[in-house]
Amino acid sequence: MKNVTHSFVFLAHWPSAGSFGLNTNILATNLINLTVVVGVLIFFGKGVLKDLLDNRKQRILSTIRNSEELRRGTIEKLEKARIRLQKVELEADEYRMNGYSDIEREKANLINATSISLEQLEKSKNETLYFEKQRAMNQVRQRVFQQAVQGALGTLNSCLNTELHFRTIRANIGILGSMEWKR
């Protein structure tokens with residue numbers, strides 16, 4: 001910037017010749033031309049450049065704001081997803097525990113049902129054995145009774161004669177006849 005101001009000072013100290021001529025000093029001419037071009041560029045380009053930089057700055061700021069909003073939205077979604085994941089994990093644990101308790105309950109029910117069935121089978125077996133024992137005892141009693149009756153009949157037939165037999169029948173008929181009249 002210092003060079004530019006020196007160039008203008010240099011232009012102010014030029015001797016005015018009163019005529020138009022060519023300056024053959026290329027370095028001084030280029031420096032003047034360069035100073036004029038840079039001055040025009042700064043004067044006119046300053047607004048354009050400032051507008052471009054302001055627009056760029058606004059785009060960068062809006063991009064940063066959008067990124068911040070997206071980041072906040074993403075963080076909120078992440079928190080919601082974490083909360084939902086925790087809920088799902090709790091529900092899964094609850095289902096798992098309920099499943100285990102259901103399995104244990106079913107296992108206990110099955111064991112109880114099997115125990116009851118075994119008790120009923122044992123009771124049924126014992127009842128069957130008791131009835132078979134009773135039936136066998138009844139059969140033995142009937143056989144013994146039949147043999148006793150046959151033995152008694154055989155003894156009576158051999159001991160009784162016809163007259164003793166008739167007397168017994170008459171005595172029994174007499175007993176029965178007296179029982180009818182008492183009623």
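Predicted model: local features only at pLDDT ≥ 70, side-chain atom pairs only at ≥ 80, totals over all residues.
**View 1. Salt bridge between Asp-102 and Arg-105 in helix 2.** The structure holds six salt bridges, and one of them joins Asp-102 to Arg-105. The closest N and O atoms of this pair are 2.1 Å apart, which places the pair inside the 4 Å cut-off for a salt bridge. Both residues belong to helix 2, which spans residues 26-159. Asp-102 and Arg-105 are three residues apart, or about one turn of the helix. Asp-102 has a relative accessibility of 35% and therefore counts as partly exposed. Arg-105, with a relative accessible area of 45%, is likewise partly exposed.

**View 2. Salt bridge between Glu-122 and Lys-125.** A salt bridge links Lys-125 to Glu-122, with 3.1 Å between the closest N and O atoms. Side chains of opposite charge can pair when their charged atoms come close. Because Lys-125 and Glu-122 are three residues apart in helix 2, about one helical turn separates them. The relative accessible area of Lys-125 is 41%, so this residue is classed as partly exposed. Glu-122 is also partly exposed, its relative accessible area being 39%.

**View 3. Salt bridge between Glu-132 and Arg-135.** The closest N and O atoms of Arg-135 and Glu-132 lie 2.8 Å apart, and the two residues form a salt bridge. Both are located in helix 2, with a spacing of three residues that corresponds to about one turn of the helix. Arg-135 has a relative accessible area of 44% and is partly exposed. For Glu-132, the relative accessibility is 40%, so this residue too counts as partly exposed. The category of partly exposed lies between the limits of 20% for buried and 50% for exposed residues.

**View 4. Nonpolar surface patch formed by Val-36, Val-40, Phe-43 and Phe-44.** These four residues make up a nonpolar patch on the surface of the model. Together, Val-36, Val-40, Phe-43 and Phe-44 have about 420 Å² of accessible area.

Key
Residues numbered from 1 in each chain as written. Heavy atoms only, no water. Salt bridge = Lys/Arg side-chain N within 4 Å of Asp/Glu carboxyl O. Helix = DSSP H or I, 4+ residues; strand = E, 2+ residues; numbered from the N terminus. Buried < 20%, exposed > 50% of the residue type's maximum accessible area, 1.4 Å probe, protein only. Patch = residues over 30% accessible without salt bridge, like charges linked within 9 Å, V, L, I, M, F, W, Y side chains within 5 Å. Areas by Shrake-Rupley, 256 points an atom, 1.4 Å probe, with all protein chains shown as cover.
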